[in-house]
Amino acid sequence: MSNQRVDSFWGPVTSTTEWCEKNYAVSSYIAEFYNTISNIPGIILAFIGLINSLRQRFEKRFSILHLSNMALAIGSMLFHATLQHVQQQSDETPMVWEMLLYIYVLYSPDWHYTYTMPMFLFLYGAAFAVLHSVFLFDIGFKIHYICLALLCLPRMYKYYIHTTERPAKRLAHMYILTMILGGIFWLLDRTFCDTFSSWYINPQGHALWHIFIGFNAYFANAFLQFCRAQQLKWNPEIRYVWGLPYVKIFKVKKE
């Protein structure tokens with residue numbers, strides 16, 4: 001929300017997108033304070049997922065996926081803290097890379113040509129990064145991102161219907177719930193910005209989107225780890241620590 005102050009640290013806004021939060025209202029060093037700090041839960045959750053993946057020696061794809069979630073949240077913090085176009089790329093480009101990683105994790109188990117998919121996705125991601133740094137995509141970026149996300153849904157649904165364990169299905173339900181709730185707050189923030197801005201307390205819908213999407217990514221990763229562990233016959237179980245679910249595996253030693 002454009003409300004530029006003379007004493008702002010980062011200078012005039014150069015990003016192509018702003019959100020429904022008054023700029024530099026809390027700190028002259030952070031353009032959108034709540035949209036910035038609301039990425040912290042996503043970083044913490046991605047770090048927890050990364051530690052679990054490394055500790056139990058899951059496939060490297062899951063460690064990379066958690067690192068991608070972490071990089072995306074950090075990029076989002078930089079973008080909302082500065083509202084500069086360069087930092088906007090550090091938010092939007094990792095969003096696309098993350099979707100490409102999800103496409104790989106979801107579809108690679110049934111892909112018979114081992115190197116063609118990762119090579120294609122890598123080149124696609126690199127090409128997008130270059131183009132996105134040159135051209136100021138806005139609506140086109142959103143449409144592109146939605147299309148990539150939609151490619152993931154049929155495969156997620158296939159995994160869901162083939163999963164019989166109730167705790168794993170509960171993970172999928174939490175994934176869907178957080179995605180819906182986050183999407184609702186995102187839309188409310190965009191649609192009723194003028195109304196919310198006139199309230200004494202702005203509900204900060206975009207910040208809530210960040211929080212829900214951080215949990216959404218964590219639940220998605222845990223569900224995919226469970227499904228992959230079943231494919232590899234690692235006897236996965238859903239365990240909880242402080243109410244947070246994680247996947248525990250029991251690999252059978254080869255004689």
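This is a predicted model: local features need pLDDT of at least 70, side-chain atom pairs count only at pLDDT 80 or more; totals for chains, interfaces and linings use all residues.

Me: How are α6 and α7 oriented relative to each other, roughly parallel or roughly antiparallel?

Reply: The axes of helix α6 (residues 139-161) and helix α7 (residues 166-191) come within 10 Å of each other and cross at roughly 150 degrees. Angles over 145 degrees count as roughly antiparallel, and therefore the orientation of α6 and α7 is roughly antiparallel.

Me: By class, which residues make up the contact of α6 with α7?

Reply: In this left-handed crossing of α6 past α7, α6 contributes Leu153, Met156, Tyr160 and Ile161, while α7 contributes Lys169, Ala172, His173 and Tyr175. By class, the contact of α6 with α7 has six nonpolar, one polar and one charged residues.

Me: How do the residues of the contact of α7 with α9 divide by class?

Reply: α7 and α9 pack at an angle of about 160 degrees, with their axes 8 Å apart, and they are therefore roughly antiparallel to each other. The crossing of α7 and α9 is left-handed. The residues of the contact of α7 with α9 divide into 18 nonpolar, six polar and one charged.

Me: How many of the 27 residues of α9 are buried?

Reply: Helix α9 covers residues 205-231 and reaches 38 Å from its first C-alpha to its last, which is close to the 39 Å expected at 1.5 Å a residue. Just after α9, Lys233 takes a positive phi of about 60 degrees. The helix α9 is largely enclosed by the rest of the structure, because the number of its 27 residues that are buried is 19.

Me: Which elements do the buried residues of α2 pack against?

Reply: Helix α2 (residues 40-55) has 16 residues, which at 1.5 Å a residue should span 22 Å, and the 23 Å between its end C-alpha atoms agrees with that. Its buried residues are Gly42, Ile43, Leu45, Ala46, Gly49, Leu50, Asn52 and Ser53. The elements that the buried residues of α2 pack against are α3 (60-82), α9 and β2 (244-248).

Me: Is Arg57 buried or exposed?

Reply: Arg57 follows α2 and is placed in the loop between α2 and α3. Its phi is near 60 degrees, a positive value in a residue other than glycine. The relative accessibility of Arg57 is 67%, and as the cut-off for exposed is over 50%, Arg57 counts as exposed.

Me: What is the relative accessibility of Trp242?

Reply: Trp242 is found in the loop between β1 (237-241) and β2, and its phi, near 55 degrees, is a positive value in a residue other than glycine. Trp242 counts as exposed, because its relative accessibility is 87%.

Me: Which residues does His85 touch, not counting residues up to four places away in sequence?

Reply: His85 lies in helix α4 (residues 85-107). Its relative accessibility is 17%, and so His85 counts as buried. With residues up to four places away in sequence not counted, those that His85 touches are Thr14, Ser15, Thr16 and Leu136.

Me: How far apart in space are Phe122 and Ser8, C-alpha to C-alpha?

Reply: Phe122 has its place in helix α5 (residues 116-134), where it is exposed, with a relative accessible area of 58%. Along the sequence, Phe122 and Ser8 are 114 residues apart, and in space the distance between them, C-alpha to C-alpha, is 38 Å.

Me: What separation do the C-alpha atoms of Thr163 and Leu65 have?

Reply: To return to the loop between α6 and α7, this is where Thr163 is placed. Thr163 and Leu65 are 98 residues apart along the chain, and their C-alpha atoms are separated by 22 Å.

How values were computed:
Residues are numbered from 1 along each chain as its sequence is written. Side-chain values use heavy atoms; hydrogens and water are left out. Axes are lines fitted to C-alpha atoms, for helices over the stretch in contact, and angles run from 0 to 180 degrees between N-to-C directions. Helices (H or I, at least four residues) and strands (E, at least two) are DSSP runs, numbered from the N terminus. Angles under 35 degrees count as roughly parallel, over 145 as roughly antiparallel, 65 to 115 as roughly perpendicular and the rest as oblique. A crossing is left-handed if the near helix is turned anticlockwise from the far one by less than a right angle, and right-handed if clockwise. Contact means heavy atoms within 4.5 Å. Ala, Val, Leu, Ile, Met, Phe, Trp, Tyr, Cys and Pro count as nonpolar, Asp, Glu, Lys and Arg as charged, and the others, Gly among them, as polar. The expected span of a helix is 1.5 Å times one less than its number of residues. Buried means under 20% relative accessible area, exposed over 50%, partly exposed in between (1.4 Å probe, protein chains only).
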